[in-house]
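Visitor: Please give me a close look at one part of this model. Start with packing, then move on to the surrounding chain.

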Amino acid sequence: MTAPATDTELLDRAVAELREGSASWAAAPIAERIALLERLLPRIADGAAETAAAGARAKGYGPDSPWAAEDWAGAPWALAQNVSAYLHVLRRIAAGKDPVDARAVHEGNGRTWVDVFPATGWDTLLLNGFTAQVWMRAGTSAQQVRDRAAGEYRGRPGRPAVALVLGAGNVAAITALDILHKLYVEGQVVVAKMNPVNAYLRRHFELVFAEFVERGWLRFVDGGAAEGGYLAAHDGVDAIHVTGSDRTHDAIVWGTDEQAAQRRRDDTPLLGKPFSSELGGVSPCIVAPGPWSEADFRFQAEHIVTSKMNNSGHNCIASQILVLPAEWDGTERLLEQIRKVLRELPPRTDYYPGADQRLGAVLKAHPKAETHGDGPCRVLVPDITDHDDMLITDEVFGSALGVVRLPGATAAEFLRHAVDFANDKLPGTLGATLIVHPRTEKHHRSAVEAAVAGLRYGTLGVNCWSAVGFLLGYTPWGAYPGHTRQDIGSGIGFVHNAFMLEDIEKTVVRAPFAPAPRGLLTGSPSLSPRPPYFVTNRTARTTIERVTRFTAAPAIARLPGIFASALRG
């Protein structure tokens, strides 16, 4: 009888099988790649309820809990939406069209940008009023954007290669979406190491990606830091993508021994392989002063609390610092509405490892902090004046929100201070949110445009939480360019990116300031009701479940059910 294989032997075998399969994936024609995605969508739909329920159980609540909406949005819907986005672009290429319609690429004021959302009529209908543009790096022309898009399918395919994806443990779809990016954008087969926090998802992903596993293009493995480090250094692994913390990146690249700091100073990494990453940071939500109504204060309080409390704050893009105008009479009114929303939310656990200790550190540093709600505390620090405060310098990855008040007698003055603060004081460049009333934008257009242009973040959400950019598929996701392996910040590179654009600077996602029909009164008309991802949405789980099934198999007959649920939210 032979001895059982060791963990190392299992990892070696997985890499060897992928190396053997890498050439066949590199040679797979576009028609075959499209067909694989078309067959993948029904598997997402078939396993959606079970996948979402598994996420809910892991976080400590039932599949029918109001909180379970996030498990539908962050797993089956996000995956179906991203697959649909890739299919839209690949079908264009297969039909002999350019991946990006020339009419979507614009030049002006020395900049080039691409309209990427809505990309289809269904997008316009289901997320009415939501738009997204990808801004290109300075010096990139419209012609270059069109010529360089989707190089994997237009004469510049990569060589056969094996990529290691080190999956995050918080949002279920992250690992799956990173796999799709490596396969379809970079042409690499993938060994995906599940994070121990959500290793329970492995069997669900193996069912969804069954054909890729069967044909030697994808392998899932389990393990912790030791297994991840072994695979990262493996001779058979050509490239690495990690979602996590800067500490994870630095441990792999520089090591953890006494020489690690010197290696970093000398720029002599343990690994010289191509390495992309998405690593989080301290994300701001900036609120410009304006002529808000009572309904506006309530709606935006729900919006801000959502950006904090989704997934109990265990998000790399969770709003951690709320930047408010010190001289606006609406600041205290907004904070009071935020307190009410925090108190009204149903209880839940802070499931992510170490959350208790991190929140405990916040409370120790802020003994007068407010706590709201039942169960694990929701922490609000309503007036941070020390810009060396831990909530400003360190990512908490939990349900704590700090408030910084900045000067400015006008919206324009405040926005200049807010942009400088966000860019210069807060670590990380993954995403930021800017909330601005349409009338404020109309009267201070140049100031708002300067703020949008000036915020150095990979995704900027204007009147929508920047995390929406994670979900859409057409919107590249990653840190603002400029980080290096010695100063990794929020990471290097972009994923998702269905149009397969190059030379990306950032994505700007916009949404209506107010829901329908009240948007007519504020100057932001749309058909969108309260967004289903709001933690206060009463029918969120049903709506997102129906949207997921529609995304996997669009049919006009499904629309009435979606709209009926959405309007009751």
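Guide: A crossing is left-handed if the near helix is turned anticlockwise from the far one by less than a right angle, and right-handed if clockwise. The crossing of α21 and α22 is left-handed. The model is predicted, so local features need pLDDT of at least 70 and side-chain atom pairs 80 or more, while totals for chains, interfaces and linings use all residues. Numbering starts from 1 along each chain as its sequence is written, and side-chain values use heavy atoms, without hydrogens or water.

Now the helix pair. α21 covers 540–552, and α22 covers residues 559–567. (Helices are DSSP runs of H or I, at least four residues; strands are runs of E, at least two; both are numbered from the N terminus.) The two helices pack at about 155°, their axes 9 Å apart. (Axes are fitted to C-alpha atoms over the stretch in contact; angles run from 0 to 180 degrees between N-to-C directions.) α21 and α22 are therefore roughly antiparallel, a term for angles over 145 degrees. On the α21 side, the contact residues are Thr542, Thr543, Arg546, Val547 and Phe550. They meet Leu559, Gly561, Ile562, Ser565 and Ala566 of α22. (Contact means heavy atoms within 4.5 Å.)

Step back along the chain. Ser528 sits in the loop between α20 (519–522) and α21. Ser528 counts as buried because its relative accessibility is 8%; the limit is under 20%, with a 1.4 Å probe and protein chains only. Leaving out residues up to four places away in sequence, Ser528 touches Leu127, Asn128, Phe130, Pro515 and Ala516.

Ala516 also takes part in a cis peptide bond. That bond runs to Pro517, with omega near 0°. Pro517 lies in the loop between β18 (504–510) and α20. Pro118 is in the loop between β2 (111–117) and α4 (121–126). Most peptide bonds are trans, and most residues other than glycine have a negative phi.

Two loop residues have positive phi. Met500, not a glycine, has phi of about 55°. The loop holding Met500 runs between β17 (494–495) and β18. Met500 is buried, at 4% relative accessibility. Asn463 has phi near 65°. Asn463 belongs to the loop between β15 (459–462) and α19 (468–471). Asn463 is buried too, with a relative accessible area of 8%.

How values were computed
Buried < 20%, exposed > 50% of the residue type's maximum accessible area, 1.4 Å probe, protein only. Parallel < 35°, antiparallel > 145°, perpendicular 65-115°, else oblique.
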